[in-house]
Amino acid sequence: MSAATTRSRTPDRLCAEAVDLARAAAEEAAAPGVVGEHAGLESEGDRVVTHFFECKELGYRGWRWAVTVARASRAKFVTLDEVVLLPGPDALLAPEWVPWSERLRPGDMGPGDLLPTDAEDLRLEPGYSGDDEPAPDSPVSEEMAELAEAEDAEVTSGVPSSLPIVPSRGSIAAVAEELGMRRSRVLSRYGLHVAADRWEEAYGAKTPMAQAAPASCVSCGFLQPIGGSLGQAFGVCANEFSPADGRIVSLAYGCGGHSEAAVMPKPPQPAAPVIDETRVDPFPLRPAADSGSVPVVSDESAAELGHS
């Protein structure tokens, strides 16, 4: 360890003795009566010392007033450097700041609120914009351009019905328009899975309501099907008395408002138990005399046959 490091860790004597100067500076910066006892000091470098004072202000438990004083080389007077309120080892601190995108929860948005979507959001993927080809009803489509060039005609704007030929409805742009993909971004496969997991957790087969339901939503008349790939597993509940009214529900979900709940057969009653444990059966300690295969004979008859 060098001599300079040793000197920086050893508090300067004059700076360490300037407790009154440090306290006066802390009381001037703080509110009256909130500066407590001297809580120690710390060497910040050569002839630089920080004095700590307890903070008695409500809401700042464990915080300390830090007053840094310094002394120039070969000077006999200590000067004030800065005064600041710092948290101590056991200070009460606010939770670590979290970005709004991580703090946002479903239902937090209100009227007039705007929620910008990240450009790299994994739930979305680029859609088909169709910028590389004209729209299906455009008068300057490929078919129109070829016809105009062949007949040396002038292409003018107009509705498709007034054109010489009708543009092809089987183009890529027309198909994308029907599928709803003529948007800048559409839902990705990851976005579909995330939405399906969220809906399944809220209104799925494992919920207590579905476990006690007489039947599932797949056979309910109030279920309104939805399009797309999610329609294979989900639908919209249209029963105003159901707890899931207007919600996306799983086809395996169910509730007491099933459309066929009133006409459903009653559940079968379990059969009577085969073993009756409420009755006591007598069990003899010795077998009955007439329970064997040999008939019972008297002693006199046995003596004639030579039996003892």
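Visitor: Which backbone oxygen does the side chain of Arg-71 reach?

Guide: The side chain of Arg-71 reaches the backbone oxygen of Ala-75, at 2.6 Å. This is a predicted model in which local features need pLDDT of at least 70 and side-chain atom pairs count only at pLDDT 80 or more, while totals for chains, interfaces and linings use all residues. Residues are numbered from 1 along each chain as its sequence is written, and side-chain values use heavy atoms, with hydrogens and water left out.

Visitor: Where does Arg-71 lie, and why is it called buried?

Guide: Arg-71 lies in the loop between β3 (63–70) and β4. Strands here are DSSP runs of E with at least two residues, helices are runs of H or I with at least four, and both are numbered from the N terminus. Buried means under 20% relative accessible area, exposed means over 50%, and partly exposed is in between (1.4 Å probe, protein chains only). Arg-71 has 16%, so it counts as buried.

Visitor: How do you know that Arg-71 and Asp-12 form a salt bridge?

Guide: A salt bridge needs a side-chain nitrogen of Lys or Arg within 4 Å of a carboxyl oxygen of Asp or Glu. For Arg-71 and Asp-12 the N to O distance is 2.8 Å, so the pair meets the 4 Å criterion. The pair links distant parts of the chain: Asp-12 sits in the loop between α1 (3–9) and α2 (13–16), and the two residues are 59 apart. Asp-12 is buried too, because its relative accessibility is 13%.

Visitor: How many salt bridges does the structure hold?

Guide: There are 3 salt bridges. One of them joins the side chains of Glu-17 and Arg-13 at 3.6 Å, N to O, and here both Glu-17 and Arg-13 are exposed. Another joins Arg-123 and Asp-121 at 2.7 Å, N to O.

Visitor: Why do Arg-123 and Asp-121 get their accessibility labels?

Guide: Arg-123 has a relative accessible area of 43%, so it is partly exposed. Asp-121 has 15%, so it counts as buried. Asp-121 is placed in the loop between α4 and β5, and its side chain also makes a polar contact of 2.7 Å with that of Arg-123.

Visitor: Which residues gather in the patch of negative charge?

Guide: Glu-42, Glu-44, Asp-81 and Glu-82 gather there, on the surface. Asp and Glu count as negative, Lys and Arg as positive, and His and the chain ends are not counted. Patch residues have over 30% relative accessible area and no salt bridge, with like charges joined within 9 Å and nonpolar side chains (Val, Leu, Ile, Met, Phe, Trp, Tyr) within 5 Å. Glu-82 is in strand β4, and its 46% makes it partly exposed. Both β1 (35–45) and β4 (79–87) supply at least two residues of the patch.

Visitor: What makes the nonpolar surface patch?

Guide: Trp-100, Leu-104, Met-109 and Leu-115 make it, with an area of about 360 Å². Areas come from the Shrake-Rupley method with a 1.4 Å probe. Leu-104 is found in the loop between α4 (100–103) and β5 (124–126).

Visitor: Why is Arg-47 called partly exposed and Arg-74 exposed?

Guide: Arg-47 has 29% relative accessible area, so it is partly exposed. Arg-74 has 82%, so it counts as exposed.

Definitions and conventions
Charge placed at Lys NZ, Arg CZ, Asp CG, Glu CD. Polar contact = N/O pair within 3.5 Å; in protein donor to acceptor, adjacent residues only side chain to side chain.
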